[in-house]
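Dear colleague,

I am passing on the structure below for your work.

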Amino acid sequence: MEVQFTPDVEKKLNELATQSGRGPAELLQDALAGYFEEVAQTREMLNSRCDDLKSRRVKPIDGEEFFESLRRREDELLTKTPPQ
């Protein structure tokens, strides 16, 4: 497989390879393996949360209500402790 990088990204990869004493291919293998693991964990978490919503184990909250309550709490904190 061949992957094309912008000159800037290729420069950063080569610099990191030089600093770490590892080859660019090895760095990319490790980076992709970590990325794929993170994506799998995120997918598993989202599937679990969707299952919780579908089974009604958790109740969804209204986004607008949440952000409004967040704004109120922020305003309350700011009035109690004025910024310096």
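Predicted model: local features only at pLDDT ≥ 70, side-chain atom pairs only at ≥ 80, totals over all residues.

Salt bridges

The whole structure holds six salt bridges. In one of them, the side chain of Glu15 meets that of Lys11, with an N to O distance of 3.9 Å. Both Glu15 and Lys11 belong to helix H1, where they are four residues apart, or about one turn of the helix. Lys11 has a relative accessible area of 51% and is therefore exposed, the limit being over 50%.

A second pair is formed by Glu68 and Arg71, whose side chains meet in a salt bridge at 3.3 Å, N to O. Helix H3, which covers residues 63-80, contains both Glu68 and Arg71; they are three residues apart, about one turn of the helix. Glu68 is partly exposed at a relative accessible area of 35%, and Arg71 is partly exposed at 41%.

Arg22 and Glu26 also meet through their side chains in a salt bridge, here at 3.4 Å, N to O. Arg22, Glu26 and Asp30 are linked in a network of salt bridges.

Leu13 is part of helix H1, which spans residues 7-20. Its relative accessibility is 15%, so Leu13 counts as buried, the limit being under 20%. Leaving aside residues up to four places away in sequence, Leu13 touches Phe5, Pro24, Leu27 and Leu28. Leu13 and Glu26 are 13 residues apart along the chain, and their C-alpha atoms are separated by 11 Å.

The largest pocket

The largest pocket has a volume of about 180 Å³. Its lining is made up of Met1, Val3, Phe5, Ala25, Leu28, Gln29 and Leu32. By class, these lining residues divide into six nonpolar, one polar and no charged. Phe5 and Leu28, both in the lining of the largest pocket, are also among the residues that Leu13 touches.

Aromatic pairs

A search of the whole structure gives two aromatic pairs. In the pair of Phe66 and Phe67, the ring centres are 5.2 Å apart and the planes stand at 70 degrees, so the pair is edge-to-face; the limit for that class is over 60 degrees. Phe66 is partly exposed, with a relative accessible area of 35%. Phe67 is likewise partly exposed, with a relative accessible area of 43%.

With kind regards

Notes:
Residues numbered from 1 in each chain as written. Heavy atoms only, no water. Helix = DSSP H or I, 4+ residues; strand = E, 2+ residues; numbered from the N terminus. Buried < 20%, exposed > 50% of the residue type's maximum accessible area, 1.4 Å probe, protein only. Contact = heavy atoms within 4.5 Å. Phe/Tyr/Trp six-rings, centres within 6.5 Å; stacked < 30°, edge-to-face > 60°. 1 Å grid on protein atoms, 1.4 Å probe; cavity = no way out; pocket = protein on both sides within 12 Å on 5 of 7 lines; lining within 4 Å. Points joined across faces, edges and corners; volume = space filled by probe spheres on them. Nonpolar A, V, L, I, M, F, W, Y, C, P; charged D, E, K, R; others polar. Salt bridge = Lys/Arg side-chain N within 4 Å of Asp/Glu carboxyl O.
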